[in-house]
Amino acid sequence: MSDKLKVGILGGTGMVGQRFISLLENHPWFEVTTIAASPRSAGKTYEEAVGDRWKMTTPMPEAVKNIVVMNVNEVEAVAAEVDFVFSAVDMTKDEIKAIEEAYAKTETPVVSNNSAHRWTPDVPMVVPEINPEHMAVIDFQKKRLGTKRGFVAVKPNCSIQSYAPVLTAWKEFEPVEVVATTYQAISGAGKTFKDWPEMVENIIPYIGGEEEKSEKEPLRIWGKIEDGVIKPAEGPVITCQCIRVPVLNGHTAAVFVKFNKKPTKEQLIAKIREFEGEPQRLNLPSAPKQFIQYLEEDNRPQVNLDDDYENGMGVSVGRIREDHVYDFKFIGLSHNTVRGAAGGAILCAELLKAQGYITKK
């Protein structure tokens, strides 16, 4: 009998579900034993259910090919098979909220990639290097749900990973105003170029809901727990534009920052390179050794060269320079389906295990 925690993937046939499965292959703490998806996939083996829609560049892990997919709506049956679940279901926001809480009420922790619960006041939304202390709000959530071990925790939007960690590293200089434009890969929409041929040699200057998330979610991450809920920080003020670009993986951000306490370029670079959090101190399995790297070359970071930095779990920064309107500007890059989606959720689950929130049933 394996000592590993038994994991279920809700929505396992979609792109993020596939990314979960590929990243969890040979994980030292977690083992995928259950995959749940829509009723049309239920009863088929995972290999049959995915068919020709496997979107990862690495092959489908042998260990999951013959797992018989369960119906994600049969909550009690799925929950009985696992210690906890990752959620990547493709449903309406209200349906996601309901099903994730239903799993939590079976005493099954839910670590979600979805946005549905990001603004539920007692649900932690965590980048483990930035706000691991927010997991403490789970105790208040359990009281609301009437559970002993079941809860929902979420990771934030993929678009903010390329700049929110950088601003966190610079917090002692008190950023007060931020202008960001993100150039977002098509895998963020669950697509490849084969699925979305109109994106070849094209740019779409709109991604529904993304700008609001990019402006507001960092403030919740920087907030504090008060009276059993997370109260967002009041600043810095962030304004953002989000653009879909013809890139498969990797979200790039062009960012301008105004500070209360103006630093030097050398100080900014030093803070980036020194920055670490609980995942590094705890040596969690998926944690990047160096969370943020600074690249000196004028033409970096680049998607083709840098999106897989630290196995896709690190953030790459370049072109820090003074600005004549703002104080400084920089370019950030993160892998949107690894750090920004499944990998970020796996790191959250590792932190939750280390903190004692996820245990064997």
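Biologist: In what order do the six strands of the open sheet with parallel pairing stand?

Modeller: The order is β3-β2-β1-β4-β5-β6, and the pairing is parallel. Keep in mind that this is a predicted model: local features need pLDDT of at least 70, side-chain atom pairs count only at pLDDT 80 or more, and totals for chains, interfaces and linings use all residues. Residues are numbered from 1 along each chain as its sequence is written, and side-chain values use heavy atoms, with hydrogens and water left out.

Some terms come next. Strands (E, at least two residues) and helices (H or I, at least four) are DSSP runs, numbered from the N terminus. Two strands pair if DSSP finds at least two bridges between them. Strands of a sheet pair through backbone hydrogen bonds, either parallel or antiparallel.

β1 (residues 5-10) and β2 (residues 30-37) run parallel and share six bridges. Val7 stands opposite Val32 in β2. Helix α1 (residues 15-24) packs on this sheet and touches β1, β2 and β4 (84-87). Contact means heavy atoms within 4.5 Å. The direction of α1 makes about 160° with that of β1. Such angles run from 0 to 180 degrees between N-to-C directions; the axes are lines fitted to C-alpha atoms, for helices over the stretch in contact.

Another open sheet of six strands has mixed pairing, in the order β10-β7-β11-β14-β13-β12. β10 and β12 (292-295) are its edges, each with a single partner strand, so one side of each has no neighbour in the sheet. From one strand to the next, the twist averages 20°. Within this sheet, β13 (residues 315-322) and β14 (residues 328-334) run antiparallel, joined by six bridges. Ser316 has Leu333 in β14 as its bridge partner.

Helix α8 (residues 210-221) lies across β7 and β10, at about 145° to β10. α8 has 12 residues and reaches 16 Å from first C-alpha to last, close to the expected 16 Å. That expected span is 1.5 Å times one less than the number of residues. Its buried residues include Ser214, Leu219 and Ile221. Buried means under 20% relative accessible area, with a 1.4 Å probe and protein chains only. The buried residues of α8 pack against α7 (164-169), β7 (175-184), β9 (229-231) and β10 (237-244).

Conventions. Buried means under 20% relative accessible area, exposed over 50%, partly exposed in between (1.4 Å probe, protein chains only).
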